[in-house]
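Here are my notes for a first look. Please keep the structure open while reading and follow the points in order.

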Amino acid sequence: MLAPASLDALQRIADRANDVLAAYAPGAEPQFGDVRVPSAAQPATDPLSVAVPPGAWFVTLDDRGARTYTRAGSFHIGPDGALQTPGGAPVLGTSGAGAALAPLSLPEADRALGRCTDVQVEADGSLAYTRATIDPRTRERGTERVVAGRIALARFPAGGNPQRIDATRFAAVAGVVPHVGAPADGTFAALATRARDTGSIDIDLGLQRLSEAYVAFAALEAAHRAQGAGAKTIMDLLK
Amino acid sequence: MIATLAFGAARGRVREARFVPRAGVPIDAACVVASGVREALRALLGEPCALTIGEPVALDGAAWNRLTRDALVFAVPGRATDVAFVLGAGDARRLLQAAFGEDPGGGGGAWSALETGALERIVARCAVACDALCVERRGPPMLVEAALLPRPAAYFDVRIAAPLALTIGVGVLRELPEAPPALTLGPAVLAGLRAELRVVLGRGALPAARLLDLRQGSVVPLRTKVAGEGELNLAGQRIAFGTCGVRNGHAAFEVGSIAMRGDAP
């Protein structure tokens, strides 16, 4: 049976290690503020990868259908055609003006027919693709841009920051209702396209704090060992 | 199976090439069907209709199941092929609302007999141009279970952009027969034309050196008699065999048999 102090020290090591492990995850937020650095947008080649403006969050759903929030914008299209976060959570958005928030996905018919090409997320949050067309009057072939929907963004009021679930997923605090809009709608800045949010974890600081956690655990272990040795000596004297 | 070369999504600067089955639907026929849909919707909605179509594709069973899931499928029986019109539930609802002048939105749930009947009549109007595929329609469109239909041999979608956005899928349920030859001119059209005919009176053989020395006045020996068998040619094509001779004081050719069209002389 480990002593509570040892368990606490081991937990600190695990938490620090998790911060380090998430240092390269897009949009990751640290558990400890002492390793936080401002995030930045790095260029990426993936047309589905976008970086969210400062203070804004993408709106997603968890496994139970509850809303979660993330800054991880390295999206992909899932097997069901839905726009998903790196962790597989569906990304919410609107399919038209005034429409309710719903998971964004490519139209089933165009996916079944293999017509969705050049799928990308645009600066205004549009999930768009191009498809080939034929004008029946002229028989001319061309392409058209199709917008499947527009990604939603959320912003929390001051003091109402969301609670951390893990490095990239957050949940709203009970009673706090975020403002929901869309990129470049006048209330939110545009997304950085073909970009990747570097996250807010400084890898060097994280490793330093992890090392310190290990040192703290080693010191605790040495203290325990010394304490045990002292007790043994006393027992030997008493015998 | 006839395949065509297709390209997948771009990965960087490279697109993956692959062969896919080619749909056996002439693009002209698909355009005629789309034009029929345009005119039907223009008459129904009272506004010009803007639409395009997607390239006809050959479907596999999985794609057909995905396309018809939650969709209304109307089958149009025909002589050359049956045709299926596929309307997504949302599109069908919007089309009905527009046809009845209702505000878009709302609705849902099970379809009433009135609604399906109205949709069948709308599809019947759209199906007027199906003769381009069916050759001859053999009944009105009927709402059917997609599972009861065979997988289409070809499929294309008619995408209406205005006055309301919706997509109507068109499935060609049987392979179309080989396209007939291009339109030919009938005898009645050609009857007034004059054609220049030539008769080959005889045949012979010459050494190449003699052929090169041919001059005006040269004599060419023939292996056949001039008054014997001959050929009737039109535009370099042999059209008849017969006998050369004299009739009523005129040189003449008596047709013995008609040659097959296109025989080289």
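How many helices and strands does chain B have? Chain B has seven helices and 12 strands. Keep in mind throughout that this is a predicted model.

1. **Chain B overall.** Chain B has 265 residues, and 26% of them count as buried. Consider the contacts in this chain with a separation of 6 or more. Residues 24 or more positions apart account for 57% of those contacts.

2. **Domains of chain B.** The assignment divides chain B into two parts. Domain 1 covers 3-172. Domain 2 covers 194-258. Their C-alpha centres lie 62 Å apart.

3. **Domains of chain A.** Chain A is also assigned a domain 1 and a domain 2. Domain 1 of chain A is written in two pieces, 1-23 and 202-239. Domain 2 of chain A runs over 37-199. The centres of these domains, taken over C-alpha atoms, are separated by 43 Å.

4. **The helix pair in chain A.** Look at helix H1 (residues 4-21) and helix H3 (residues 203-238) of chain A. They pack at an angle of about 165°, and their axes are 9 Å apart. Are H1(A) and H3(A) roughly parallel or roughly antiparallel? Angles over 145 degrees count as roughly antiparallel. H1(A) and H3(A) are therefore roughly antiparallel to each other. Their crossing is left-handed.

5. **What makes that contact.** On H1(A), the contact residues include Ala5(A), Ala9(A), Leu10(A), Ile13(A), Ala17(A) and Val20(A). By class, the contact of H1(A) with H3(A) has 14 nonpolar, two polar and four charged residues.

6. **Ala22(A).** Ala22(A) lies in the loop between H1 and strand S1 (41-43) of chain A. Is Ala22(A) buried or exposed? The threshold for a buried residue is 20 or more other C-beta atoms within 10 Å. Ala22(A) is buried because it has 22 such atoms within 10 Å. Set aside its neighbours within four places in sequence, and Ala22(A) is in contact with Ala28(A), Ala167(A) and Ile201(A). Arg67(A) stands 45 residues from Ala22(A) along the chain. The C-alpha atoms of these two residues are separated by 22 Å.

7. **Where the chains touch.** On chain A, 15 residues are in contact with 18 residues of chain B. Three elements of chain A each supply at least two residues of this side: helix H2 (108-112), strand S9 (117-121) and strand S10 (126-134). S10(A) gives the most, with four residues. The residues on the chain A side divide into six nonpolar, three polar and six charged.

8. **A helix pair in chain B.** Helix H3 (residues 89-99) and helix H4 (residues 113-126) of chain B pack at an angle of about 85°. Their axes are 11 Å apart. That angle makes H3(B) roughly perpendicular to H4(B). H3(B) brings Ala92(B), Leu95(B), Leu96(B) and Ala99(B) to the contact. H4(B) brings Glu115(B), Ala118(B), Leu119(B) and Ile122(B). By class, the residues of this contact divide into seven nonpolar, no polar and one charged.

9. **A cis peptide bond.** Check the step from Ala162(B) to Pro163(B). The peptide bond there is cis, with omega near 5°. Pro163(B) sits in the loop between strand S7 (154-162) and strand S8 (166-172) of chain B.

10. **Positive phi in chain A.** Arg139(A) is a residue other than glycine, and its phi is positive, near 65°. Arg139(A) is found in the loop between S10 and strand S11 (141-151) of chain A. With 11 C-beta neighbours inside 10 Å, Arg139(A) counts as exposed.

11. **Positive phi in chain B.** Asp70(B) has a phi near 60°, a positive value in a residue other than glycine. Its loop runs between helix H2 (61-68) and strand S4 (71-76) of chain B. Asp70(B) is exposed, with 9 other C-beta atoms within 10 Å.

Conventions:
Residues numbered from 1 in each chain as written. Chains lettered and ligands numbered in written order. Predicted model: local features only at pLDDT ≥ 70, side-chain atom pairs only at ≥ 80, totals over all residues. Domains from an automatic or database assignment. Axes fitted to C-alpha atoms, helices over the stretch in contact; angles between N-to-C directions. Parallel < 35°, antiparallel > 145°, perpendicular 65-115°, else oblique. Left-handed = near helix turned anticlockwise from the far one by under 90°. Contact = placed C-beta atoms within 7 Å. Nonpolar A, V, L, I, M, F, W, Y, C, P; charged D, E, K, R; others polar. Buried ≥ 20, exposed ≤ 12 C-beta atoms within 10 Å, placed from the backbone.
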